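Thank you all for coming.

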Amino acid sequence: MNTIFSKIINREIPANIVYETDSVLAFRDINPQAPTHILIIPKIEIPKVTDIKGSEHAELLGEMYDAANKIAKDEGIAENGFRLVMNCGNNGGQEVYHLHMHLLGGRQMQWPPG
Ligand code: AMP
């Protein structure tokens with residue numbers, strides 16, 4: 001699997017990167033659905049939520065949540081709240097098969113989602 005997100009990780013295509021560690025990368029979504037819309041991804045290739053193994057990936061997922069909290073603070077949306085979304089598979093609306101967490105904020109979110 002070589003998705004567009006692998007190309008962003010490898011700097012083969014540009015992205016507006018806001019956060020990076022050895023294992024996690026975060027960049028602004030190209031088609032933002034909220035004033036703040038950032039994608040947080042692992043650098044290793046995990047296609048989707050159903051490929052996550054707790055025993056193997058627990059630390060990595062913890063780092064993704066740490067990233068979300070730090071970015072939310074930096075973006076000034078931590079206090080008012082935000083939404084984290086991971087779409088999985090066809091019915092989940094997943095388009096890019098490289099695990100990613102959407103961080104959405106800066107406006108009132110609605111429920112139920114579409
Ligand atoms: P999903 O539908 O959950 O798979 O989300 C994929 C997201 O990736 C969408 O919100 C797209 O707008 C976003 N996206 C696709 N290509 C790029 C890109 N080159 N740079 C930033 N975001 C992208």
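This is a predicted model: local features need pLDDT of at least 70, side-chain atom pairs count only at pLDDT 80 or more; totals for chains, interfaces and linings use all residues.

Where does threonine 3 lie? Threonine 3 lies in the segment before α1 (4–9), where helices (H or I, at least four residues) and strands (E, at least two) are DSSP runs numbered from the N terminus. Residues are numbered from 1 along each chain as its sequence is written, and side-chain values use heavy atoms, with hydrogens and water left out.

Threonine 3 has a relative accessible area of 11%, so it counts as buried (under 20%, with exposed over 50% and partly exposed in between, using a 1.4 Å probe and protein chains only).

Let me turn to the nonpolar cores, meaning sets of buried Ala, Val, Leu, Ile, Met, Phe, Trp, Tyr and Cys residues joined through side-chain atoms within 4.5 Å. The largest one has 17 residues, and those with the most contacts inside it are Val24, Ile40, Met64 and Ile71. Its largest share, seven residues, comes from α2. A second, separate core of eight residues includes Ile9, Phe27, Ile41 and Val96.

Finally, the structure holds one aromatic pair (ring centres of Phe, Tyr or Trp, the last by its six-membered ring, within 6.5 Å; planes under 30 degrees apart are stacked, over 60 edge-to-face, the rest tilted). Phenylalanine 5 and phenylalanine 27 form this edge-to-face pair, at 5.3 Å centre to centre and 75° between the planes. Phenylalanine 5 sits in helix α1 and phenylalanine 27 in strand β2, 22 residues apart.
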